[in-house]
Amino acid sequence: MIARAAFIALIMTGVALAVGVVRPEQKTSAQAPDLAAMLPGEFAEWTPVEIASVVLPVESEIGPGEDIAYRAWRSSTGRIVTLVAAYGPPLGDSVRLHRPEACYRGQGYQVSRSGVSPIDTPFGDVPLIRLETEKALRREAVSYWLRDGNDYVQSEAGHQLLFFKRGLSGDADGALIRVSTLGDGENAYAVHDQFLQDFVAALPPEGRRLLLASQ
Amino acid sequence: MSVDDASSLSRRQLSHKEGAVCVALLALGWAALYAPVYFEFAQTAWRREENGHVLFIMAICAGAAWARISEGRFSPASSGELFAGAGVMAIGLLVYGVGRLGEIDLFSSASQLAVAFGAVLALTGWNGLKRLWFPVGMLAYVIIWPGWAIDTLTAPLKLFVAEIVSQSLFAAGLPVAHSGAVISAGSYELLVVEACAGLNSLIALTAVGAVYLYVAKRQSFTVNLAVLLSLIPIAILANLARVAILVLITYYWGYDAGQSFLHEMAGLVMFAVALAAVFVIDALAALIWERRS
């Protein structure tokens, strides 16, 4: 009987040790980055403007190592684009990095998803998820990308897979970039694409490292 | 202690000393497996509000298991039970490995259920498991559910709470309406946050209810079932009442009053009322079904 218990304890310890050996070293959560300092001021045809209103997560409590920043720009033709950037560290709950769907729904918007389309940047293709949101008379077109570890998230199921994969590689931080414009429809997405291409080109190297998946 | 029957070794009961050594060995193995997990959870998962109950439940499990084990009278498992237990444990350890390597808190935490079940079965058989079902079963409460699962559950629950509360207050003649998770009461706007969805009170009330049933030791299966089934609607109603009370406090006494100590008070009072309702239902059910049995 004692031999049995000893055997069971031995197996438990063995499994624990095996896992400890195979498991990749976890990076402890580092200092939170200062995202606001990394967002470019004036670039291409975009001039910063006072932010009018921005839909934020209903509970925007910022955890250790996390950061969130927002800013708005106006194009030479007068379109205003509002941008929200968020970063979550390894070991943080970066998966919950405020998904825009949840933010907008929480604030009473109707949200519908209208597909994924990639933009082409000097630092690789970035798949953008498109949303159309509506609350009373206010409509906003939204595009965002979500980096989880070294990949971009394109669907909920894909996200679960990534969650598993990045655990094996030990690479677990994440970032979100969301842009929105008032009004609806196709030409808003063209504005988003143009804006984000200019934005990526204007990012300092440190900002690119945090916000984009590395090649 | 009964007299050992020398002819059937498997029927013999364990001595206290043997039992203590087994428990100590298992505790060591458990610590090797789960101490690193607990250490990590203490910095991440357990800090989240929705997992606030986990440490209490672990204490209850340990206490209940200890109380049973110190009663003694456990006999060794048969070889069939040993194999079944080893199989369940192997599954548990596999889930553990996947959870640890893939950093899936759901798997690492849920594996405890299978490992404990398997270890008890392999050592003391179905009889031992029957006596330890409560601490083993309560481990279901220490499972860490992933954020997306909590969100998918609480997001519609939040809207449901906002809708029911605003509609009933509106029906009562107050100027209350909602848009999404935002309730407007008179000139105030209140946000129905995650905590208002009532998941925490649901978990707490069902856990306390289970402990109560375990301690009360009702003989009748029907009584136990009636109380168990009543826990969920009671928790939901209590939460709706809590949110409605908060809206009323804000409406009549202002925003600051609604966020003051009254906020916590409303939660505590409604939890007490809900518990009282559970006891009343338990007493009624016992009155109806237990006399006949």
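Among contacts in chain A between residues at least 6 apart in sequence, 66% join residues at least 24 apart; two residues are in contact if their C-beta atoms, placed from the backbone, lie within 7 Å. The structure is a predicted model, in which local features need pLDDT of at least 70 and side-chain atom pairs count only at pLDDT 80 or more, while totals for chains, interfaces and linings use all residues. Residues are numbered from 1 along each chain as its sequence is written, and chains are lettered from A and ligands numbered from 1 in the order in which they are written.

Chain A has 6 helices and 8 strands, where helices (H or I, at least four residues) and strands (E, at least two) are DSSP runs numbered from the N terminus. Along the sequence these elements follow the pattern α-α-β-β-β-α-β-β-β-β-α-β-α-α. Of the 215 residues of chain A, 39% count as buried. A residue is buried if 20 or more other C-beta atoms lie within 10 Å of its own, exposed if 12 or fewer, and partly exposed in between, with C-beta atoms placed from the backbone.

Chain B contains 10 helices and 3 strands, arranged along the sequence as α-α-α-α-α-α-β-β-β-α-α-α-α. Its 293 residues include 35% that count as buried. For contacts in chain B with a separation of 6 or more, residues 24 or more positions apart account for 72%.

The two chains meet through 34 residues of chain B and 30 residues of chain A. On the side of chain B that touches chain A, at least two residues each are supplied by α1 (16-43), α3 (79-101), α4 (105-131) and α6 (147-171) of chain B. The largest share of that side, 10 residues, comes from α1(B). By class, the side of chain B that touches chain A has 22 nonpolar, 7 polar and 5 charged residues; Ala, Val, Leu, Ile, Met, Phe, Trp, Tyr, Cys and Pro count as nonpolar, Asp, Glu, Lys and Arg as charged, and the others, Gly among them, as polar.

Two helix pairs illustrate how the chains pack. The axes of α1(A) and α1(B) come within 7 Å and cross at roughly 5°. Axes are lines fitted to C-alpha atoms, for helices over the stretch in contact, and angles run from 0 to 180 degrees between N-to-C directions. The helices α1(A) and α1(B) are therefore roughly parallel, a description used for angles under 35 degrees, whereas angles over 145 count as roughly antiparallel, 65 to 115 as roughly perpendicular and the rest as oblique. Among the residues that form this contact are A:Ile8, A:Met12 and A:Val15 of α1(A) and B:Leu26, B:Trp30 and B:Leu33 of α1(B). By class, the contact of α1(A) with α1(B) has 16 nonpolar, 2 polar and 1 charged residues.

In the second pair, helix α1 (residues 2-22) of chain A and α3(B) pack at an angle of about 25°, with their axes 10 Å apart. The pair α1(A) and α3(B) is thus also described as roughly parallel. The contact involves A:Val15, A:Val19 and A:Val22 of α1(A), together with B:Leu93, B:Tyr96, B:Gly97, B:Arg100 and B:Leu101 of α3(B). Its composition is 6 nonpolar, 1 polar and 1 charged residues.

The largest nonpolar core has 41 residues, and those with the most contacts inside it are B:Ala116, B:Phe117, B:Ala119 and B:Val120. A nonpolar core is a set of buried Ala, Val, Leu, Ile, Met, Phe, Trp, Tyr and Cys residues joined through C-beta atoms within 7 Å. At least two residues of this core come from each of α1 of chain A and α1, α2 (54-70), α3, α4 and α5 (133-138) of chain B. The helix α4(B) gives the most, with 13 residues. With residues up to four places away in sequence not counted, B:Ala119 touches A:Ile8, B:Leu26, B:Gly85 and B:Met89. Apart from this core lies another, of 34 residues, among them A:Trp46, A:Val84, A:Tyr152 and A:Phe195.

Individual residues complete the description. B:Val161 is found in helix α6 of chain B and counts as buried because 24 C-beta neighbours lie inside 10 Å. A:Ala44 lies in the loop between α2 (35-38) and β1 (47-49) of chain A; its phi is near 40°, a positive value in a residue other than glycine.
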